Amino acid sequence: MERFICQCGCGQEIPYKKHHKRYKPKFIKGHSNRVRRRKPYNVEKAFWERVDKNSDSDCWEWKGYLMPNGYGQLKEKQKNVYAHRYSYRLHFGEIPKGMVVCHKCDNRKCVNPRHLFLGTPKDNIRDMDRKGRRVVLPGTQKITESDAQRIKRLGEQGIHSNELAKKYNLTPSTVRNIIAGRIWKPTRFKRGKLTKEFERQESGY
C-alpha cells in the first residue's frame, strides 16, 4: 500500500482512505491552511471600498454589511466593529472610554467624519429626545414615569412589593428596584438640555 506524506512540512503520514488509489492526497485534512498564501487584510482599504463618498458635506453611506439596527459593520483585527466608529477613529484618533459616536445627520449608515461627534450615552439619549427619534415599541414599556413615582411613594409608605407588583403587572424585584431608586430615577434635567461639550460638537457641520 502506497504511503503519502503531508506536504505542509509536518512530516506526518496521511491516513489512508480508499479513494487515495485514484486521487493522490497532498495534505492531512486541515494542514493545507499552513501553506496557503493569503494577502494581508488591509482594514482601511476595505473601509474605503465600502464607502459611497460624495461631497464632503453630504452623507457617506456605508455599502457594506449592515447590522439589524441599521449601523454598518466591518472586520478589524478579527473583531466586528461599527463602521461609523471606525471612521471616527480613522480621522480623529481613539475614542475615549465611556463615550459614544453620535450622528448629526441621524443617518445610521453615514460614515462622514464631518457628521460625527462624541457624546456620553446620556447625551445621545437627550439628543434623540430633542429630535423626537426615540421610539418606545408597543408593549415594551409597562409603566410611565408617573407610575414609577407612585410606586416609590407607596413603597415608602409600607405597601408590600408583591402587592404593588401584582397591581402594576411587574415583578417584585423590579418594584423593589424602583423603590430603592436603582431604576426609574427622577429626571434631573430638562428634556433636550445638553452638556456644553455636546452642544459644541453638535452645532453645525
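Is Glu76 buried or exposed? In this predicted model, Glu76 is buried, because its relative accessible area is 15%, which falls under the 20% limit for that class. Glu76 also takes part in a salt bridge with Arg89, and the closest N and O atoms of the two residues are 2.6 Å apart. Since Glu76 belongs to strand S3 (residues 73-76) and Arg89 to helix H2 (residues 83-92), the pair ties together parts that are 13 residues apart in sequence. Arg89 itself is partly exposed, at 22% relative accessibility.

This pair is one of seven salt bridges in the count. Another joins Glu49 to Arg50, with 3.9 Å between the closest N and O atoms. Here Glu49 is exposed at 56% relative accessibility, while Arg50 is partly exposed at 32%. A further salt bridge links Arg126 and Asp123, whose closest N and O atoms are 3.7 Å apart. Both residues sit in helix H3 (residues 121-131), three residues apart, or about one turn of the helix, and both are buried.

A loop residue comes next. Lys104 is located between strand S5 (100-103) and strand S6 (116-119). Lys104 counts as buried, with 14% relative accessibility, and its side chain reaches the backbone oxygen of Arg114 at 3.5 Å.

Finally, there is a helix pair to look at. The axes of helix H5 (residues 161-168) and helix H6 (residues 172-180) come within 8 Å and cross at roughly 110 degrees, so the two helices are roughly perpendicular. On the H5 side, Ser161, Asn162, Leu164 and Ala165 meet Pro172, Val175, Arg176 and Ile179 of H6. By class, this contact has five nonpolar, two polar and one charged residues.

Technical notes:
Residues numbered from 1 in each chain as written. Predicted model: local features only at pLDDT ≥ 70, side-chain atom pairs only at ≥ 80, totals over all residues. Heavy atoms only, no water. Helix = DSSP H or I, 4+ residues; strand = E, 2+ residues; numbered from the N terminus. Buried < 20%, exposed > 50% of the residue type's maximum accessible area, 1.4 Å probe, protein only. Polar contact = N/O pair within 3.5 Å; in protein donor to acceptor, adjacent residues only side chain to side chain. Axes fitted to C-alpha atoms, helices over the stretch in contact; angles between N-to-C directions. Parallel < 35°, antiparallel > 145°, perpendicular 65-115°, else oblique. Contact = heavy atoms within 4.5 Å. Nonpolar A, V, L, I, M, F, W, Y, C, P; charged D, E, K, R; others polar. Salt bridge = Lys/Arg side-chain N within 4 Å of Asp/Glu carboxyl O.
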